[in-house]
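Biologist: I'm just getting started with reading protein models. Could you walk me through this one?

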Amino acid sequence: MVVSEAATDQQIAQWHKDGAVVIEDFFSAEEIAPIYADYQDQYGVQGQGDGRALDFKLAGSVGASHRKQFMNIDTLPYQASVAMNMISLDPRLIALAKKMLGVDRVELYQSHTWAKFTGEADYDQAFHCDFGNHTLTVPGDEAKSRTVNFIIYISDVTDGVGALHYVAKDDVAAVLGDGAIVAATEQQPALLARQRSAAAPAGSILAYGIDTFHRGTNLTDLNGFRYTMTVSYKAAGNSQVGFHVWQFSPERPWHLILNHGSPEQLQCLGIPAPGDPFWTVRTLQLTQKRWPDWDMSAYFAAAE
Ligand SMILES: O=C(O)CCC(=O)C(=O)O
Ligand SMILES: [Fe+2]
């Protein structure tokens, strides 16, 4: 599928200009349904708490990140449907990430679930950029050295269930000056006054970047819940940026991905494409022995 069917040039331009764009109907209801069912099985619709909103903020504060906000997070690969495993590597996401970053090849460096429930935490956070735990340096000057971070909406995401709020780059510059990547406590109210909501129905995605000011917001609907996935791409070979280390968890259900991924999808996890010099008779045979159900015929054929 060509990218233009899933995201318009105007939406891509908006991502560059504002640092964020919501794209509705990116995934169809049929594509989301099995994943919604996985979330229901895994997380249910009620967290710890009585379903009524918590508010732990100090008077006048926007909120802050704290441990309880980060419950109900799992990392790829998931003990769940193939659909849930493969959506992070959806060809439309890969194509969009390539286009946004302006590169030919990208790598998936983050994929996790997140189920939030009214009353399980006060999810209000201060405005921040995500580069703080995605790189040891700072966001680069060019798009290709930064990232595209997607949030995939598995359930409807309204303001009542904690839609992410962001501030467009021009508005950030008006408050913090050009190129600022941290906001002080006293600057938070001015950012708050300019925040935009990323609320949208299930099947939508939000694309933002590691240099985009945003914050999680609290769930206030009675018995509300929010199911989302966070899925991030970087240019292939950008070793400045990282989050998960896929290789560290061989005991997890990798077969759900290996047995269903195309060479381009698997290349996003660091697996060389068919024809790559890595693939010799020895490496092909040993890899096939390690993952017997992975159909490696394209890799064998390209090495002949
Ligand atoms: O889940 C969200 O809406 C945003 C959370 C967030 O920005 C974070 O934890 O860094
Ligand atoms: Fe964040």
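Here is a chat that goes through the predicted model, from the whole chain down to single residues.

Biologist: How many helices and strands are there in the chain?

Modeller: This is a predicted model, so keep that in mind as we go. The chain has both kinds of element, and the count is ten helices and eight strands.

Biologist: Which radius of gyration does the chain have, and what does the globule rule give for 304 residues?

Modeller: The C-alpha atoms fill a box of roughly 65 × 45 × 35 Å along the principal axes. The globule rule gives 19 Å for 304 residues, and the chain comes close to that, so it is as compact as a globular protein of that length. Its radius of gyration is 20 Å.

Biologist: What share of the contacts with a separation of 6 or more comes from residues 24 or more positions apart?

Modeller: Let's take burial along the way: 41% of the 304 residues count as buried. As for the contacts with a separation of 6 or more, the share from residues 24 or more positions apart is 87%.

Biologist: Which strands are at the edges of the open sheet?

Modeller: Five strands make up this open sheet, with antiparallel pairing, and their order is β1-β6-β3-β8-β2. An edge strand pairs on one side only, and that holds for β1 (20-23) and β2 (106-117). Neighbouring strands are turned by 20 degrees against each other on average, direction ignored. The edge strands, then, are β1 and β2.

Biologist: Which residue is the bridge partner of Val22 in β6?

Modeller: Val22 belongs to β1, where Val22 and Ala20 point one way, Val21 and Ile23 point the other way, and all are buried. β1 pairs with β6 (residues 205-208) in the antiparallel sense, over four bridges. Within β6, the partner of Val22 is Leu206.

Biologist: Is Gln69 buried or exposed?

Modeller: Gln69 is found in the loop between α2 and α3. Leaving out residues up to four places away in sequence, Gln69 touches Ala121, Tyr123 and Gly216. The C-alpha atoms of Gln69 and Gly216 are separated by 9.2 Å, though the two are 147 residues apart along the chain. Gln69 has 21 C-beta neighbours inside 10 Å, and the cut-off is 20 or more, so Gln69 counts as buried.

Biologist: How do the residues of the shell around ligand 1 divide? What are the numbers of nonpolar, polar and charged ones?

Modeller: Gly216 turns up again here: the residues around ligand 1 are Ser65, Gln125, Asp130, Leu164, His214, Arg215 and Gly216. By kind, the shell divides into one nonpolar, four polar and two charged.

Biologist: Where is the cis peptide bond that ends at Pro77, and what is its omega?

Modeller: Most peptide bonds are trans. Pro77 has its place in the loop between α2 (29-43) and α3 (82-86). The cis bond runs from Leu76 to Pro77, with omega near -5 degrees.

Biologist: What is the phi of Asn223?

Modeller: Most residues other than glycine have a negative phi. Asn223 lies in the loop between β7 (213-215) and β8, and counts as partly exposed because 15 C-beta neighbours lie inside 10 Å. Asn223 is not a glycine, yet phi is positive, at about 55 degrees.

Note on methods:
Residues numbered from 1 in each chain as written. Chains lettered and ligands numbered in written order. Predicted model: local features only at pLDDT ≥ 70, side-chain atom pairs only at ≥ 80, totals over all residues. Near = placed C-beta within 6 Å. Nonpolar A, V, L, I, M, F, W, Y, C, P; charged D, E, K, R; others polar. Pairing = 2+ DSSP bridges. Helix = DSSP H or I, 4+ residues; strand = E, 2+ residues; numbered from the N terminus. Axes fitted to C-alpha atoms, helices over the stretch in contact; angles between N-to-C directions. Buried ≥ 20, exposed ≤ 12 C-beta atoms within 10 Å, placed from the backbone. Rg over C-alpha atoms; globule rule 2.2 N^0.38 Å. Contact = placed C-beta atoms within 7 Å.
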